[in-house]
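Student: I am new to this structure. Could we go through parts of it together?

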Amino acid sequence: MTAPIRGAWPVVLRRLRATWQPLLATHLAYTALGFLVLAPLVGLVGRLLLKLSGRTALADQEIAYFLLTPLGVASLILVAGLLIAIVALESASLMAIGAASAQRRHLGTIGALRFAALRVLRILDFAGRLVVRVLIVVLPFLAVVVVVAWLLLTEHDINYYLAERPPTFWWAATAIGLVLLAMLLALSHRLLGWTLAFPLVVFRDTPPRDAFAQSDGLTAARRSRLLAVFLVWGLVVLGLGALLIGTIEH
C-alpha cells in the first residue's frame, strides 16, 4: 500500500512545480470571492441577532444559544452551504489545472475559472446534494449532543461549568466527546466512499444524483488506500503549516 503512495510523490511534486502559479492565482481569486460573499452575510446575521436581542453587544454564551435555535441552525446551514459551493467551484478549477498538466497542456487561471463557470449549475447541484448527505449523517449525532447538554449543563450558567468543572461537566464532556468521535468516524467513512463523486461530475459529466453511488462502487475495494493517502497528505499539510508558523514567529 505504501509503495504506490511513495511512488506518487515525485509526480505530484513535479506537477506542483509546473502549475503552482496558476494554482495560487486561482486560489486567491476564490478567496476574494468567498470574502465578498460571506463577509456581508455574516454581518447581516450579526445585525439580525442584535436586533432580535434588542442589545448593542452580545456575550459568547448568547451567540452560542442563538446558534442552537432554528434560525441559528438555518444561518449556519446557509453559510456552510455557500462556503461549500465556493470550495466546490475552486476545487473544479484547481482540478482542471491539474488535469491539463497531466495531459501536458497549460491551463491558466482564466481558463480554470471558465472551466468551472461552464459547469456551475452541475457543480452547485453536487454541492447541495453533498450538504444534504452530510447533514443526514451528522444531525442525529448533533441532536444527541444537544440533549446531553440540555440534561447535564442547564442547571447553571455555562461560565460556572467552565470555571468550577463539577462532576456533571466531566460527564457531559465525556459523553459529548464520544458522540462527536462516533460522528467523525461515520462521516469519514461516508466521505471516503464519495471521494470520486466530484471528479465524476466534473470530468465525466455524471449526473450529480448518480455520482455518489458510482463513487461508492468504485472506491469500495480501495478505502484503506484512500485513507492512507489522505492521512499522509494531512500530515504533510500540518507539517508545512507548523513550519510556516515557526518561520513567521522567528
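Tutor: Let us begin with Gly177, which is found in helix H7; helices are DSSP runs of H or I with at least four residues, numbered from the N terminus. This is a predicted model, in which local features need pLDDT of at least 70, side-chain atom pairs count only at pLDDT 80 or more, and totals for chains, interfaces and linings use all residues. Residues are numbered from 1 along each chain as its sequence is written, and side-chain values use heavy atoms, with hydrogens and water left out.

Student: Is Gly177 buried, partly exposed or exposed?

Tutor: Buried means under 20% relative accessible area and exposed over 50%, with partly exposed in between (1.4 Å probe, protein chains only). Gly177 has a relative accessible area of 36%, so this residue is partly exposed.

Student: What separates the C-alpha atoms of Gly177 and Val145?

Tutor: Along the chain, the two residues are 32 residues apart.

Student: Which residues of H7 are buried?

Tutor: The cut-off for burial was stated above. The buried residues of H7 are Phe169, Ala172, Ile176, Val179, Met183, Leu187, Leu192 and Gly193.

Methods. Helices (H or I, at least four residues) and strands (E, at least two) are DSSP runs, numbered from the N terminus.
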